[in-house]
Amino acid sequence: MKERDSESFESLSHQVLPKTSNGESLSHQVLPNTSNGESLSHQVLPNTSNGTHMIQMAMANSGSSAAAQAGHQDQPDRSKWLLDCPEPPSPWHEVKSYVKGSFLTKLKRFKSLQKQPLPKRTLSILQAVFPIFGWCRNYKLTMFKNDLMAGLTLASLCIPQSIGYATLAKLDPQYGLYTSVVPPLIYAMMGTSREIAIGPVAVVSLLISSMLQKLIDPEIDPLGYKKLVITTTFFAGIFQASFGLFRLGFLVDFLSHAAIVGFMGGAAIVIGLQQLKGLLGITNFTTNTDIVSVLRAVWRSCQQQWSPHTFILGCSFLSFILITRFIGKKNKKLFWLPATAPLIAVVVSTLMVFLTKADEHGVKTVKHIKGGLNPISIHDLDFNTPHLGQIAKIGLIIAIIALTEAIAVGRSFAGIKGYRLDGNKEMMAIGFSNVIGSFTSCYAATGSFSRTAVNFAAGCETAMSNIVMSVTVFVALECLTRLLYYTPIAILASIILSALPGLIDINEAIHIWKVDKFDFLALIGAFIGVLFASVEIGLLVAVVISFAKIILISVRPGIETLRRMPGTDIFADTNQYPMTVKTPGVLIFRVKSALLCFANASSIEERIMGCVNEEEEEENIKSNAKRKILFVVLDMSNLINVDTSGITALAELHNNLTQAGVELVLVNPKWEVIHKLNQAGFVSKIGGKVYMTIEEAIDACFGLKV
């Protein structure tokens, strides 16, 4: 009999009471047959003065008051599980556990290594530090053939690009080639990506020139400027290696994806405008990077000094490179054509200038490029400079930008090949590549998207393609630098310009606009900041907007009003699910935030009270009842933690609701939350009304009123 009564109570407590045709809610509700056989199909529930006894009358008529009491008696047992849970671990205990766990894990690995024979132990250590010792054991001749082809194709693109990017960084051309020798070798030994191609890239080159030339003018003091670049590269490598060693990769995420897309797009346009100097053969040019200054400099120079021969030559080969790229996209088998097009352009244009003596008619050439193996540059590291603090800051910015680009590129192609990229090892590999590179006359290197795509298309199997590329560039430094004397600077400008469309991702910008308008604002902020101010301002704007989004969400979190889904025990957001139905006398809220703290507590309290007052006014307009709200149920399942300000706000909410004759009920608080509420005495203040689910809370509350 109790089971049948309990079923009757459930059916009534979950019953939805819709409005009648005359607008009076709950006055003529038709109730289903009860389990005791008494038909309530024609029972009329008259309005009461305060609307509080409606459900109880229905329960009494159905003979289910005993079941309600039984349900209420069972309820504290389940609430006790929640209220009497053990004390959660303190933050200090969690830190100690994390450190201890990491230490024990390493200790176990060390002990397991000690049990192994010395040769196997040595090999295991080498594989952990240098992954090349892992994959080279299964290396085959067929794999080397593919890597050889990919490496040679990569070198044909890398050599002209490296020379061009060095000039973009305001360095002599050989420094770009140096950067394509040592860092790829280090990465090949320590990196986990099979496709990524390491070397100088356009964005990092722009960052170096735009920020360091404010400290020392490369035209006035090239030696001092070179020392700044080498020192900055050292700091960038130290930061990158530290990120990997201490697992601080989350710092790279401070720049959101949208911010990076905007920054890359703005930087691409700035780089393109700066290449107009080489494309037009302009001698005097502005050192500013904003679009207004660059366009003004171009306009003034075009009225006074520019070389039509240089412009025609540069535009012709730029068209050639772009056409080959279009052909390569249409026919994937001709991937080698756009990859070798820059080298073909360099060779053909150099021959043309040499044979026609165009350098005597205003066409500027690269002239002397110092060849030979990378010279040692440890003595160029300058830690006594008065600009050391600014150099470290610039190194940090370059480290983050370079890692962001490299890891994004590596993960993209690793996903295609179906293997996992170890982010921490990648950061350490790139970091050590730059640290050792700073000892060997290299500037900051990272993964290049365009060269990685060529490496992938050429069929590379392992990082051996980087080694092949490095050896090929070294051979070019030893044997071919004299042949580049007559290479026109306009060709280098056209090579850089041809690589820029890949940095401007219009489709991704449109996608971000459709998905998240706030992210698009960060994108536009970074884009406009780089374009009209400077690279640093663009990055700063992007970071500020990204953090503003986080702060705004934290300070003004949304409040969801929950109601029951028809025919279920599921409670859902009324805005997302308009078909939800209201439970009479109850308002259910859920906070869309993981933390109830000083930043958002007052706002949440005010918004809940505002919703309660609006609901009461709406009910009063519909009927003459003085009060219809009996309970406010606060679903705390989203909250991970709460601070003292949050507890104070909950206490104020409870007091305000009590004065209005409304009871506050809490549902599903997390471990840390319920512990703090118990410690503060808030649970006892609300009479222990804390439940596991919303359904239990509603059933128990109306059971108390029987």
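Helices, as the word is used here, are DSSP runs of H or I with at least four residues, and they are numbered from the N terminus. The model is a predicted one, and its protein chain has 29 helices and 10 strands. Of the 706 residues in the protein chain, 50% count as buried, while the chain exposes about 33,500 Å², of which carbon and sulfur atoms supply 62%. Among the contacts in the protein chain with a separation of 6 or more, 78% come from residues 24 or more positions apart.

Leucine 351 counts as partly exposed because its relative accessibility is 47%, which falls between the limits of 20% for buried and 50% for exposed. Together with Ile344, Val347, Val348, Met352, Phe354 and Leu355, Leu351 makes a nonpolar surface patch of about 620 Å². An α-helix has 3.6 residues a turn, so residues three or four places apart point the same way. In the loop between H16 and helix H17 (388-417) lies lysine 357, which has a positive phi of about 55° although it is not a glycine. Most residues other than glycine have a negative phi. Lysine 357 counts as partly exposed, because its relative accessibility is 49%.

A positive phi, near 65°, is also found at serine 441, again a residue other than glycine. Serine 441 is placed in the loop between H18 and strand E2 (446-447), and it counts as buried because its relative accessible area is 5%. Helix H18 (423-439) is in turn among the elements that cover the buried residues of H9, as are helix H5 (118-129), helix H6 (132-135), helix H8 (173-179), strand E1 (198-199) and helix H20 (464-479). Helix H9 (residues 182-190) is mostly covered, with 7 of its 9 residues buried, namely Val182, Pro183, Pro184, Ile186, Tyr187, Ala188 and Met190.

Serine 498, in helix H21 (residues 489-499), is a further case of a covered serine: it counts as buried because its relative accessible area is 2%. Which residues does serine 498 contact, leaving aside its neighbours within four places in sequence? They are Leu318, Ile321, Leu322 and Arg325.

The strands can be followed into an open sheet of 6, with mixed pairing and the order E4-E3-E5-E7-E9-E10. Its edge strands, each pairing on one side only, are E4 (571-573) and E10 (690-691). Strands of a sheet pair through backbone hydrogen bonds, either parallel or antiparallel. Strand E5 (residues 586-591) and strand E7 (residues 631-635) pair in the parallel sense over 5 bridges, and valine 586 stands opposite phenylalanine 631 in E7. Helix H26 (residues 644-659) lies across E7 and strand E9 (663-667), and runs at about 140° to E9.

In helix H27 (residues 671-679), the buried residues include Val673, Ile674, His675 and Leu677, and the helix is followed by glycine 681, whose phi is positive, near 75°. The C-alpha atom of glutamate 672 is separated by 9.3 Å from that of serine 90, although the two residues are 582 apart along the chain. Serine 90 has its place in the loop between helix H3 (65-83) and helix H4 (91-115), and it counts as partly exposed because its relative accessibility is 34%.

Notes: Residues numbered from 1 in each chain as written. Predicted model: local features only at pLDDT ≥ 70, side-chain atom pairs only at ≥ 80, totals over all residues. Heavy atoms only, no water. Pairing = 2+ DSSP bridges. Helix = DSSP H or I, 4+ residues; strand = E, 2+ residues; numbered from the N terminus. Contact = heavy atoms within 4.5 Å. Axes fitted to C-alpha atoms, helices over the stretch in contact; angles between N-to-C directions. Patch = residues over 30% accessible without salt bridge, like charges linked within 9 Å, V, L, I, M, F, W, Y side chains within 5 Å. Areas by Shrake-Rupley, 256 points an atom, 1.4 Å probe, with all protein chains shown as cover. Salt bridge = Lys/Arg side-chain N within 4 Å of Asp/Glu carboxyl O. Buried < 20%, exposed > 50% of the residue type's maximum accessible area, 1.4 Å probe, protein only.
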